[in-house]
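Open the model in a viewer and keep the selection panel at hand.

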Amino acid sequence: MSGHPLVSLSGITKSFGAVRSLRGVDLRLDVGEVLGLVGDNGAGKSTLMKVLSGALEHDGGEIRIDGEPRRFTSPADARRDRIGIVYQDLSLCDTLDVASNLFLGREPRRGPFIDRAEMHRKAAETLAELHVRVRSTYQEIGELSGGQRQAVAIARAVSFQPRVLILDEPTAALAVAEVRQTLRMIREVAAKGVGVILITHRLQDLFEVCDRITVMYEGRSVEDRSSASLDIETLVSLITRSNLEPDPAPDADQEDRA
Ligand SMILES: Nc1ncnc2c1ncn2[C@@H]1O[C@H](COP(=O)(O)OP(=O)(O)O)[C@@H](O)[C@H]1O
Ligand SMILES: [Mg+2]
C-alpha cells in the first residue's frame, strides 16, 4: 500500500488530426471513491476515459496508477491494471443469455466444453452479490428491461474485479426506478474499495453518489471539488462557465442580419 492516489492523470493531451480533444487534463481518483466527471457535450469526457481504459493512446501527459507511470496501448493493457469501463451501449449480446454475457470469452470449462452449469451457478452468485434481480440467468439479454441490461453490464465489469470502474453515461436511457438501482450498485461497488468514475448529465445523481466532481471544459479540467461544497446551480455554472463569461445580451437585430 502506498500514499499515492489510485489514479492520477496529469496534463493529458489527445488530438484527432486538427481536433484537439484533450488539451491538458488533470484528474485524481482515490480508493473507494466515486468521482463524477462532467462537462458539456464535446468537452472530452469520453475521450479521456478511453485513454484511461486503453481504447485510445494519449499524445502527451502522464497516467499513474498507484504512483506508477503507465501507457496503455490496448484495453487488455488497462484490464491488467484492473481498469474496467462500461459504455452507454453496454456492449452486450442480445441473443445470448445473462450468464453467457457475464462470462463471454472466459466461460468456465470442463475439458474442451463450456461448463454451463458452473457458468450459470457463478452468474447467479455474481448477480446476487450485487443484488441484481433477473428472473433467470437463462433469460436472453434482449428480453430484459433497460435497467436490467445496465445491471448485467455493470456486473460483468465488476466480475473482472476492477480497482477502477468507469461508467460513461450509464443512466442516460433509464427510467427513474432503474436509475436508483444503478446508483445503488455504484455505491456498493465503491464500498468494496473500487474507485468509480461516473460520467452523467443527470447532475442530481452526482450529488447522491459522488464524493468529488471534476469538471471539464473544451478539453481541459477546470474544476475539482468535493460534491459537498457544490450545489446544482453552481455546478451548472461551472460546466457552462457562465460564472466567467456572462451570456452576451440578446441582440435581435444582429441575429436577424446573421
Ligand atoms: N475518433 C474521433 N475522431 C475525431 N474527433 C473525435 C473523436 N472522438 C472524439 N472526437 C472529438 O473530441 C471532442 C471530445 O469528444 P468526447 O470525448 O466524445 O466528448 P464528451 O464525451 O465530453 O461529450 C469532440 O470535439 C469530438 O468531436
Ligand atoms: Mg461522451
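**Around the ligand**

Start with helix H1 (residues 45–52), which gives the most to the shell around ligand 1, with 3 residues; helices here are DSSP runs of H or I with at least four residues, numbered from the N terminus. This is a predicted model, in which local features need pLDDT of at least 70 and side-chain atom pairs count only at pLDDT 80 or more, while totals for chains, interfaces and linings use all residues. Residues are numbered from 1 along each chain as its sequence is written, chains are lettered from A and ligands numbered from 1 in the order in which they are written, and side-chain values use heavy atoms, with hydrogens and water left out.

Next, select Phe 16, Ser 21 and the run Asp 40, Asn 41, Gly 42, Ala 43, Gly 44, Lys 45, Ser 46 and Thr 47: these are the residues around ligand 1 (a heavy atom within 4 Å).

Now show the backbone. A backbone N or O atom of Gly 42 is 2.7 Å from a ligand 1 oxygen. For a polar backbone atom of Ser 46 the distance to a ligand oxygen is 2.9 Å, and for one of Ala 43 it is 3.2 Å.

**Into the core**

Select Leu 165 and Leu 235, which touch the most other members of the largest nonpolar core, a set of 46 residues. Such a core joins buried Ala, Val, Leu, Ile, Met, Phe, Trp, Tyr and Cys residues through side-chain atoms within 4.5 Å, buried meaning under 20% relative accessible area (1.4 Å probe, protein chains only). Helix H5 (residues 146–159) gives this core the most, 7 residues.

Methods
A polar contact is a pair of N or O atoms within 3.5 Å; within protein, one must be able to donate a hydrogen and the other to accept it, and residues adjacent in sequence count only if both atoms are side-chain atoms. Helices (H or I, at least four residues) and strands (E, at least two) are DSSP runs, numbered from the N terminus. Buried means under 20% relative accessible area, exposed over 50%, partly exposed in between (1.4 Å probe, protein chains only).
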